[in-house]
Amino acid sequence: MTDETPRPHISAPCWIERPADVLRCTEPPGHDGDHYHCYSRTQWPSQAGETQ
């Protein structure tokens, strides 16, 4: 690779953990609305003051 080679941007997931569970949100960081885990299709509400 050279300095001119375009590099893809891969964003990290939101990764907020579902309360009392092992699932983590797979939506992009800073998303609006509920958290969502794409493999189990589970969603849960966002809480005020969450940090990523």
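Okay, a term to begin with: buried means under 20% relative accessible area, exposed means over 50%, and partly exposed is in between, using a 1.4 Å probe and protein chains only. Now, this is a predicted model, where local features need pLDDT of at least 70, side-chain atom pairs count only at pLDDT 80 or more, and totals for chains, interfaces and linings use all residues. Residues are numbered from 1 along each chain as its sequence is written, and side-chain values use heavy atoms, leaving out hydrogens and water.

Let's talk cysteines. C38 comes out as partly exposed, at 35% relative accessibility, while C25 is buried, at 0%. A disulfide here is a pair of cysteine sulfur atoms within 2.5 Å. For C25, the closest cysteine sulfur is in C14, 4.0 Å away, so that's too far for a bond. For C38, the closest one is in C25, at 9.2 Å, again too far.

Next up, T42. You'll find T42 in strand 2, residues 42–44; strands are DSSP runs of E, at least two residues, numbered from the N terminus. T42 is buried, with 17% relative accessibility. Its side chain makes a polar contact of 2.8 Å with the side chain of S40. By that I mean a pair of N or O atoms within 3.5 Å; within protein, one must be able to donate a hydrogen and the other to accept it, and residues adjacent in sequence count only if both atoms are side-chain atoms.

Last one: P29 sits in the segment before strand 1 (35–37) and is partly exposed, at 41%.

Methods:
Helices (H or I, at least four residues) and strands (E, at least two) are DSSP runs, numbered from the N terminus.
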